[in-house]
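Dear colleague,

I am passing this structure on to you, and below it you will find notes on what turned up in it. Please read them with the model open beside you.

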Amino acid sequence: MCGIVGYVGARQAPPIIIDGLKKLEYRGYDSAGIATQNGKGIEVLRAEGKLVNLERLLTSNPVSGSCGIGHTRWATHGRPSVANAHPHRADGIVVVHNGIIENYLDLRDRLIEKGHSFSSDTDTEVISHLVEDFYRESGDFLSAVRKTLTEVRGAYAVAVLCEQEPGKMVAARSGSPLVIGQGQEEFFVASDVPAILKHTREMIFLEDGELAWFAGNTMTLMDLAGNPVTRLPKTITWNPAMAEKGGYRHFMLKEIYEQPRAIADTLAGRIPDDQADVVLEGLGLSDAELQSFRKVFLVACGTSWHAALVGKFLIEKLARVPVEVDIASEFRYRDPIVDEGTLTILISQSGETADTLAALREAKGKQGKAVAICNVVDSSIARESDGVIYTHAGPEIGVASTKAFTTQLVAFILLALRLGRARKSLTDERLGSIIAALKTLPSKIQDTLAACEHMEEIARIYAQATDFLFLGRGNQYPIALEGALKLKEISYIHAEGYPAGEMKHGPIALIDDQLPVVVVATQNESFEKVFSNMEEVRARGGQVVVITDCADDGLKGKADVVLPIPSIADELMPVLTSIPLQLLAYHFAVLRGTDVDQPRNLAKSVTVE
Ligand code: G6P
């Protein structure tokens, strides 16, 4: 992970870089640093902890220059400290890096033998020393970086400055994201679009093994061998306001409340008025191909993996094809059975998660077809897949995923309908009724948000609890897992999600009057069974909070808190039940005073394995 920003142009670089880093803090916040070319040399300033510490340092030690680089770190090699903070400097060469250099120990030994001395525990520092070594030999900055990048193994997005070459910068990527923003005689470099969206919407997405050379007001793209590369800029439709808090206290809250809009965008243009079929423009698979699959793998990490668990229900139910769900970091190490008859679907908000990207490559390497469900347009996973369904959730900045998750659920419904249609497992009537329900989804989400307006009070009742259990069954079991994950991520409260029917095989032993149990009970075929599980909890003194679309007053005596939400077709219910759980976690976190948008130890985009 980590976030990098670079600027070359006529304006002062520091405010542009700091502002960009603010938008990238979701990628890591263990330390931050900046380096600028000020006409006399390169100034480097670094601080441990969040960006605000670097900003304080800049107030007392301002730096200047119209060419610079910056970094916000998520520690992998070397603990969070000033010494391990980027930019890393070797003599006149200064580097920021996102990724992991796997052969850094070998390179380091070699460089130490040649007389280099290292001042950090990071893998990154070898890059600065190696560039410096080649530059000392040749006096050619660009070729020194190119040579270095052919020697390193692993993943990188880098931006490099050279003290002897004012106004010049090299940026390159392999395995970690990097986007170039093209302005009027100025260029921006960043790990992600929101960091530079304020300045330009014209973006060039570098491919692996490509490099950009900035000299004055020109940019040249090439591969590591120096062969020219042509890549036209794409105009990004996101607007800068989408990456701001817009009056909300936290990005997470804003993103929860954006869900009616986000889901309307996921649906836009995909469900025609005649309700005959769904249209998935980027799927890239014909009806014949969709019919030919014998097996589907759904592969993802974290919250996206929970979306995949819901996706299994949808695809198996509506398209009648067997689905296996895998955690991306497990998938490729177990030699999965993938062939031409397998469709692998990668689910990733960022489209850059290293494990999910590796799983995609594994599936494609075995001749399987691969399709991505992604939020970030032109991300690595989106580009390398045979087809993509964009969720169109807009930028998600809060580290804990909310709108990206519910839009993934909607993307799965659309895909399951499309597959079901192509495979003739879905009647016109069924398709028509789900499409009709989909059309009401944004307003039902609005109603669900309204139904949750007292969530803060509910959170207050249980504010002292140290453990939580979340129960759900069928398509609500993944929602129970997601509810527990949200709570863990942002409020640091221990929580477990469990299939309600499995509770009797273990977790029931935990139940006492100190344990709040959140039950997701929707009116489907397992409603009564979940209801019985709730009774089992109550019988043992557990406190029950139930989230349900059942308006029966009789429920009130059966649970300590009943949170009624609207009803919709069962296939779509997981979207609605997610919302109270997001808000519950949010309010717990606020009550506990944690850092909601940037919870400790986490990062939004995990580009390391
Ligand atoms: C990190 C984030 C999670 C996210 C997961 C997968 O762990 O903190 O919120 O669900 O990565 O990310 P992706 O971008 O692939 O969906």
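In these notes, contact means heavy atoms within 4.5 Å. The model is predicted, so local features need pLDDT of at least 70 and side-chain atom pairs count only at pLDDT 80 or more, whereas totals for chains, interfaces and linings use all residues. Residues are numbered from 1 along each chain as its sequence is written, and side-chain values use heavy atoms, with hydrogens and water left out.

Leaving aside residues up to four places away in sequence, S176 touches N98, G99, A155, Y156 and A157. S176 is buried, at a relative accessible area of 0% (buried means under 20%, with a 1.4 Å probe and protein chains only). A polar atom of its side chain lies 3.1 Å from the backbone oxygen of N98.

Turning to the ligand, 14 residues surround it, and the closest are S304, S348, Q349, S350 and T353 (a residue counts as near if one of its heavy atoms lies within 4 Å). An N or O atom in the side chain of S304 is 2.6 Å from an oxygen atom of the ligand, while backbone N or O atoms lie 3.0 Å from a ligand oxygen in the case of T303 and 3.4 Å in the case of V399. Taken alone, the ligand exposes 390 Å², of which the protein buries 91% (areas by the Shrake-Rupley method with a 1.4 Å probe).

Finally, an unreviewed UniProt entry lists "domain: SIS" for residues 285–425 and 458–599, although such annotations may be inferred rather than shown by experiment.

Definitions and conventions
Buried < 20%, exposed > 50% of the residue type's maximum accessible area, 1.4 Å probe, protein only. Polar contact = N/O pair within 3.5 Å; in protein donor to acceptor, adjacent residues only side chain to side chain.
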